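Subject: Structure handover

Hello,

Here is the structure I promised you. Please open it alongside this email.

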Amino acid sequence: MSEKNTLNPLSTFVRSADVLPKTISSEALLGEMKQIFILHEGRSYQLRITKLGKLILTK
């Protein structure tokens with residue numbers, strides 16, 4: 001009986017540190033403000049913090 005070479009399915013999804021997305025804290029983005037506007041492809045989006053501390057992104 002031959003033994004099959006099995007790979008851990010999760011190992012194919014591991015990324016090296018140099019290709020991970022940039023991480024920015026909400027404090028760095030918003031500062032003392034409760035909302036900011038982000039321009040993306042000519043459209044304006046509002047990123048705001050709710051009273052419960054959640055982040056909401058709207059057009």
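Below are the notes on the sheet and its strands.

This is a predicted model: local features need pLDDT of at least 70, side-chain atom pairs count only at pLDDT 80 or more, and totals for chains, interfaces and linings use all residues. Residues are numbered from 1 along each chain as its sequence is written, and side-chain values use heavy atoms, with hydrogens and water left out.

The sheet. Two strands count as paired if DSSP finds at least two bridges between them.

Strands 1 and 2. Six bridges join strand 1 and strand 2 in the antiparallel sense. F37 sits opposite Q46 in strand 2. The two strands form a hairpin with two residues between them. In that turn, E41 has a positive phi of about 50°.

Strands 2 and 3. Strand 2 covers residues 43–49 and pairs with strand 3 over four bridges, again antiparallel. L47 stands opposite L57 in strand 3. I49 has L55 of strand 3 as its bridge partner. This hairpin has five residues between its strands. G53 in the turn has a positive phi of about 85°.

Best wishes
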